[in-house]
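The following questions and answers concern the model shown here. Each answer works from the structure to the value or name requested.

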Amino acid sequence: MSLENKVAIITGAARGIGFAVAKRFVMDGAKVVIADVDDSAGEAAAEDLKGLGEATYIHCNVAERLDVRNLVAETLNAYGDIDVLVNNAGIVAGADFLDLEVEDFDRVLSINLRGSFLCSQAVARHMVEKVQDGGEPGCIINMSSINAVVAIPNQVPYCVSKGGISQLTKVSALSLAQYGIRVNAIGPGSIMTDMLASVNSDKAAKNRILSRTPMLRIGEASEIAGVAAFLASPDASYVTGQTIFADGGRLPLNYTVAVPE
Ligand SMILES: NC(=O)c1ccc[n+]([C@@H]2O[C@H](COP(=O)([O-])OP(=O)(O)OC[C@H]3O[C@@H](n4cnc5c(N)ncnc54)[C@H](O)[C@@H]3O)[C@@H](O)[C@H]2O)c1
């Protein structure tokens, strides 16, 4: 149980990749806080995990400073500590570059990038205090994407936000290294969650993805949770400032692969 008795906050964990990370962390012995804006799904997710271990739901819009402050305070109140933060909450807003509304640009950036910054800063302040009091350093994991590197023309703010996450990961890792606090990111390829749901019913869209995926399959959320479990564990004790891409081989690929019928 590599996370025995560790306290972990996972944002956007009511469903999808965040929920898979929460489940894996609980199975690895952690006490998990599910932070989300979808209260009914969040409460249900926490209830679901209670059979496996310790989990609780706290409402938090990661883009709102007061919500984030409250998330940290309530977590400390409930569990007395925070060892791991996973900045996972994220949204998309599809529109061509020439048509994109500035409100949509701001909305995506405020959740995906500003939200990760707000949560990181608030939790890191607690982690630094703990280290200065002789406690153990914690770690932060940011959910990036292959779109931190490769772009999709009608996903402007999403790609920009994930590019920003790449630098947020590096700059916060450098700032916090002196305290032993590690910051890393995970860059998933295409993972079967609600974010990708339309692909299920659209064979052409699915084939487009598979033709860019040498492993010829869409990933499972649990495969991202496995990377998060590694990054949060003592096995990653000398890893900081990195993004680990779990993408079935997409980023190394030039051109496309043939998709069997
Ligand atoms: N699914 C993929 O293929 C894929 C690929 C690469 C990266 N990612 C990244 O993984 C993360 C999770 O994606 P997913 O596919 O599980 O998405 P999802 O849509 O299934 O779940 C996202 C969760 O975030 C919550 N959320 C939205 N806005 C929020 C806010 N302001 N504050 C707190 N919570 C909020 C939602 O309520 C939802 O529970 C995102 O950062 C996404 O960019 C996903």
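Helices (H or I, at least four residues) and strands (E, at least two) are DSSP runs, numbered from the N terminus. This is a predicted model, in which local features need pLDDT of at least 70 and side-chain atom pairs count only at pLDDT 80 or more, while totals for chains, interfaces and linings use all residues. Residues are numbered from 1 along each chain as its sequence is written.

Q: How many helices and strands are in the chain?
A: The C-alpha atoms of the chain fill a box of roughly 55 × 40 × 40 Å along the principal axes. Within the chain there are eight helices and seven strands.

Q: What radius of gyration does the chain have?
A: The radius of gyration is taken over C-alpha atoms, and the globule rule is 2.2 Å times the number of residues to the power 0.38. With 261 residues, a compact globule would have a value near 18 Å. The chain agrees with this, at 18 Å.

Q: What percentage of the residues in the chain is buried?
A: A residue is buried if 20 or more other C-beta atoms lie within 10 Å of its own, exposed if 12 or fewer, and partly exposed in between, with C-beta atoms placed from the backbone. Of the 261 residues in the chain, the buried share is 45%.

Q: What share of the contacts with a separation of 6 or more joins residues 24 or more positions apart?
A: Two residues are in contact if their C-beta atoms, placed from the backbone, lie within 7 Å. Among contacts in the chain with a separation of 6 or more, residues 24 or more positions apart account for 72%.

Q: Which element gives the most residues to the shell around the ligand?
A: A residue is near a molecule or strand if its C-beta atom, placed from the backbone, lies within 6 Å of it. There are 29 residues around the ligand, of which Gly12, Gly16, Gly90, Thr193 and Met195 come nearest. Two or more residues of this shell come from each of α1 (16-27) and α4 (102-132). The most, three residues, are given by α1.

Q: How many charged residues does the shell around the ligand have?
A: Ala, Val, Leu, Ile, Met, Phe, Trp, Tyr, Cys and Pro count as nonpolar, Asp, Glu, Lys and Arg as charged, and the others, Gly among them, as polar. The shell has 14 nonpolar and 11 polar residues, and its charged residues number four.

Q: Is α1 largely enclosed or largely open?
A: Helix α1 has 12 residues and reaches 17 Å from its first C-alpha to its last, close to the 16 Å expected at 1.5 Å a residue, where the expected span is 1.5 Å times one less than the number of residues. Its buried residues include Gly16, Phe19, Val21 and Ala22. Because 11 of its 12 residues are buried, α1 is largely enclosed.

Q: Which residues does Ala22 contact, leaving aside its neighbours within four places in sequence?
A: A nonpolar core is a set of buried Ala, Val, Leu, Ile, Met, Phe, Trp, Tyr and Cys residues joined through C-beta atoms within 7 Å. Ala22 is one of those that touch the most other members of the largest such core, which has 72 residues. With sequence neighbours within four places set aside, its contacts are Ile10, Ala13, Val32, Ile34, Ala45, Leu49 and Ala55.

Q: Is Asp104 buried, partly exposed or exposed?
A: Asp104 is in helix α4 and touches Ala93, Ala95 and Pro157, not counting residues up to four places away in sequence. Its C-alpha atom is separated by 6.4 Å from that of Ala93, 11 residues apart along the chain. Because Asp104 has 17 C-beta neighbours inside 10 Å, it counts as partly exposed.

Q: Which elements are among those that cover the buried residues of α5?
A: Helix α5 (residues 156-176) has 21 residues and reaches 30 Å from its first C-alpha to its last. Its buried residues include Tyr158, Ile165, Leu168 and Leu176. Their cover includes α4, β5 (139-143), β6 (182-188) and β7.

Q: What is the phi of Leu216, in the loop between α7 (203-210) and α8 (221-232)?
A: Most residues other than glycine have a negative phi. Leu216 lies in the loop between α7 and α8 and counts as partly exposed, with 14 C-beta neighbours inside 10 Å. Its phi is positive, near 55°.

Q: Is Tyr255 buried or exposed?
A: Tyr255 is found in the segment after β7 (243-246) and has a positive phi of about 60° although it is not a glycine. With 6 other C-beta atoms within 10 Å, Tyr255 is exposed.
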